[in-house]
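Hi,

Here's the structure I promised to pass on.

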Amino acid sequence: MKEYGESIFDILYLLLAITVGLLILIRSKNNKQRLMGIACLVLGGGDAFHLVPRMLGYFAEGDFNTAVGVGKLVTSITMTVFYVLMYHIWLRLDGAEKKRSVTAVVYLLSAARIALCCFPQNKWLENDSPFLWGIIRNIPFLILGILIVVLYFRTRGIPHIRFIWLYVTLSFAFYAAVVLGASYVPLLGMLMLPKTVCYVLILLAFYRCVRDENA
């Protein structure tokens, strides 16, 4: 029964992320709006790499373990790209000149995260990543997330964007609990569901922002 509930949730999430991304791109009239649409598609498309084989493993014959592991690697990279896109969206929301120092930090953290994800010690092919490497590769990602929270908190006065800092904070809190505790308490893995809900709220905030700007 758990497999059916989880799969339905994942399918709805992927369809929503991709649909919202396409709708935003169709309606977009400037670079900021296009970045919002691309961010939605990067998030949904990236997550599909590990969610689809995971669902297939529930209902189809065959070993999808390697596919799930490689999918997690792809998702780790696309999630990092998603936050880089969120930074560039923030630059346009803030209406400020490109901040070279902050931009450099964002790209440095992103490059470090992606590089750490590519180390063979992560054992993606076995879908059995060691606990220590789960911590190591997420350190720059956590710092990047904190930076995004601080930046979006600064622009919390913008309609539809005001709670994005909170959604990102909650998503990282749920994710941290899974990374740190799921190996010992498997039930904590269920926190990936509210984490996904937080991302859905971010995507819907982007959609409402574009819709109202173009009304």
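**What I found**

In this predicted model, the mean positions of the 20 positive and 12 negative charges of the protein sit 13 Å apart. Lys and Arg count as positive and Asp and Glu as negative, with His and the chain ends not counted; each charge is placed at NZ of Lys, CZ of Arg, CG of Asp or CD of Glu.

A bit of housekeeping: local features need pLDDT of at least 70 and side-chain atom pairs count only at pLDDT 80 or more, while totals for chains, interfaces and linings use all residues. Residues are numbered from 1 along each chain as its sequence is written, and side-chain values use heavy atoms, with hydrogens and water left out.

On the fold, there are 8 helices and 0 strands (DSSP runs, H or I of at least four residues for helices, E of at least two for strands, numbered from the N terminus). The radius of gyration is 17 Å, close to the 17 Å from the globule rule for 215 residues, so the protein is as compact as a globular protein of that length (taken over C-alpha atoms; the rule is 2.2 Å times the number of residues to the power 0.38).

Leu-151 has 5% relative accessibility, so it counts as buried (under 20% relative accessible area, 1.4 Å probe, protein chains only). Leaving out residues up to four places away in sequence, Leu-151 touches Tyr-87, Trp-90 and Val-102 (heavy atoms within 4.5 Å).

Cheers

Conventions
Buried < 20%, exposed > 50% of the residue type's maximum accessible area, 1.4 Å probe, protein only.
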